[in-house]
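Here is a short report on one protein model. Keep the structure open as you read.

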Amino acid sequence: MTNNESETPRTVLIAGGGTAGWMTAAYLSKAFGHTVNITLIESAAIPKIGVGEATIPNLQKVLFDFLGIPEREWMAQVNGAFKTGIRFVNWRKREEGEGPNHFYHPFGVLPAIDGIPLPQYWFNDTLGRGEGVEYACFRSPAMMDAMRSPRYADGRPAVPSAWHFDAHLVADFLMRWSTARGVTRIVDDIVGVRLNEQGAIGSIESKSGRTLTADLFIDCTGFRGMLINKALGEPFIDMRSQLLCDSAVAAAIPNDDETLGIEPYTSAIAMKAGWTWKIPMLGRFGSGYVYSSDFATEDEAVRDYCALWGVKEGQVNFNKIRFRTGRNRRAWVKNCVSIGLSSCFLEPLESTGIYFITAAIYQLAKHFQTRDFDPVMVDQFNREIEFMYDDCRDFVQAHYFTTTREDTEFWRVNKNELTLSDSIRDKMALYKSGMPVNPPTSSEEDYYGSLDQEFHNFWTNGNYYCVLAGLGYLPDRPYAPLAYLPESVRKSRDVFRQIKRQQRESVEEMPSNFEYLRELHSKENSGARSPALRNSNTALAATTR
Ligand code: TRP
């Protein structure tokens, strides 16, 4: 068999036009648009879930560089803002009379000295009693405290960073980009999915009477999973015994940027029955309380959310979300690939949502075929998605079962009753022993430069240390070999001093995040923000600081 035996053009039909649908359409049209006809059907009626989205650094390389779209160009279209990491607020137990506590989970890859990662030296020196591991090992925490941009005024990066944006606007932007490059867009509702004799997807029936067929179908229909789950019957593996949250109440809150500035990070603020995200953009921030319906009612969630931001219930236009945590047993079944919420989802605590989409698209391109599907390649694709998801679920779960909070039932159950995978148990045992959880990662450039490297070592040693030590969950003892390596330990002290110097310099040199974003958005475009959101509200002081 050869690869070009058939003259008829191959066809791909994407069902659903949210972020997943349009990212897939854009990527596939760039990768295979000259040999494959791509159509996307989206409903005019079904709203997209998009209340401020946080991303990770590889988005530019994996998606936008591939499409050839410079950062400033897309950022201007989607109210893009910078993110240097995540600030976790009140995740540690609060002692009597103590104020709010926080730690950062910054982006970036930590160096190793004589083959031993920097956090091992930090713990050897401090036993976790001094400043936090992230303040000792990364340059960016001081910049985040001072609300500095991760970019110099001329656009050069000082530290790795990702983005906050409005996912509706990203979908719109990529819709315009894709349709201008030959993707066919159909605005219509899907009312039925027919199977063929092989039990694969045969056609999609639309409300206005169309029958749409294709060689390959991509399910981007969100939590509904209309093709993969409903039509093909692929089981969804529910993982609520591993992550308890299943709901969210979300809204956009205006921000007085001139007075308060714009935080260059996502915040995750621990609550009674979950946590609240804060995603700052120009003029407003997106925020949602992610909670477990076993431990709070929707009314309680709304009340605690409004109390957190000092807003009145009637003033806020809530998006109320019920989500499923878990993944399809297989993401690719027969002639149907699920991408986005129809494939897998876990709470957005570590900003994995858009990453799951781009990683799945990247893997799809790597295993791409539209006919005579090779089971070996399809299985390989499915294994990659399974690994990606389960690995992220384990890491997010580690934020919960290591908790020192015992003030509500939600935190007590998290501490005592979650089901843990063997893999996360092994990692925690290594961490406790003082050993690195993962081998040191190569250079930052290589790591963020290719999805292949990052994909299989997604949570680096630094990721584990920042979060676990930040939560107050420490190794039992320092890494044993360091007791025999005084020379290496001495070298590490020079590195720690150098980081302190860089922190001071960055705080002095870098522009504020607000200044940088104001300049970016006024130069590139002024129409991206909705005027209603420009009403500032000074009363909304940054209560988390
Ligand atoms: N490999 C990812 C990165 O460094 C890990 C990651 C995902 C992450 N979400 C994060 C790191 C949030 C810091 C904060 O980008």
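## A buried glycine

Gly-326 lies in strand 21, which covers residues 326-328. This is a predicted model. The relative accessible area of Gly-326 is 0%. Buried means under 20%, so Gly-326 counts as buried.

Which residues touch Gly-326, leaving aside its neighbours within four places in sequence? They are Phe-236, Ile-237, Met-239, Ser-343, Cys-344, Phe-345 and Tyr-389. Take Tyr-389 from that list. Gly-326 and Tyr-389 are 63 residues apart in sequence. In space, their C-alpha atoms are 8.3 Å apart.

## Two packed helices

Now turn to a pair of helices. Helix 1 spans residues 19-32, and helix 11 spans residues 353-366. They pack with their axes 10 Å apart. The angle between them is about 30 degrees. Angles under 35 degrees count as roughly parallel, so helix 1 and helix 11 are roughly parallel to each other. Their crossing is right-handed.

Which residues meet where helix 1 packs on helix 11? Helix 1 brings Thr-19, Ala-20, Met-23, Thr-24, Tyr-27, Leu-28 and Phe-32. Helix 11 brings Ile-354, Ile-357, Thr-358, Ile-361, Tyr-362, Leu-364 and Ala-365. Of the residues in this contact, 11 are nonpolar and three are polar. No charged residue takes part in the contact of helix 1 with helix 11.

How many bridges join strand 11 to strand 12? There are five, and the two strands run antiparallel. Strand 12 is made of residues 201-206. Arg-194 stands opposite Ser-203 in strand 12.

## Two loop residues with positive phi

Most residues other than glycine have a negative phi. Asp-114 is not a glycine, yet its phi is positive, at about 50 degrees. Asp-114 sits in the loop between strand 7 (112-113) and strand 8 (116-117). Its relative accessibility is 47%, so Asp-114 counts as partly exposed.

Lys-334 also has a positive phi, near 55 degrees, and is a residue other than glycine. Where is Lys-334 found? Look in the loop between strand 22 (332-333) and strand 23 (336-338). Lys-334 has a relative accessible area of 44%, so it counts as partly exposed.

How values were computed. Residues are numbered from 1 along each chain as its sequence is written. This is a predicted model: local features need pLDDT of at least 70, side-chain atom pairs count only at pLDDT 80 or more; totals for chains, interfaces and linings use all residues. Side-chain values use heavy atoms; hydrogens and water are left out. Two strands pair if DSSP finds at least two bridges between them. Helices (H or I, at least four residues) and strands (E, at least two) are DSSP runs, numbered from the N terminus. Axes are lines fitted to C-alpha atoms, for helices over the stretch in contact, and angles run from 0 to 180 degrees between N-to-C directions. Angles under 35 degrees count as roughly parallel, over 145 as roughly antiparallel, 65 to 115 as roughly perpendicular and the rest as oblique. A crossing is left-handed if the near helix is turned anticlockwise from the far one by less than a right angle, and right-handed if clockwise. Contact means heavy atoms within 4.5 Å. Ala, Val, Leu, Ile, Met, Phe, Trp, Tyr, Cys and Pro count as nonpolar, Asp, Glu, Lys and Arg as charged, and the others, Gly among them, as polar. Buried means under 20% relative accessible area, exposed over 50%, partly exposed in between (1.4 Å probe, protein chains only).
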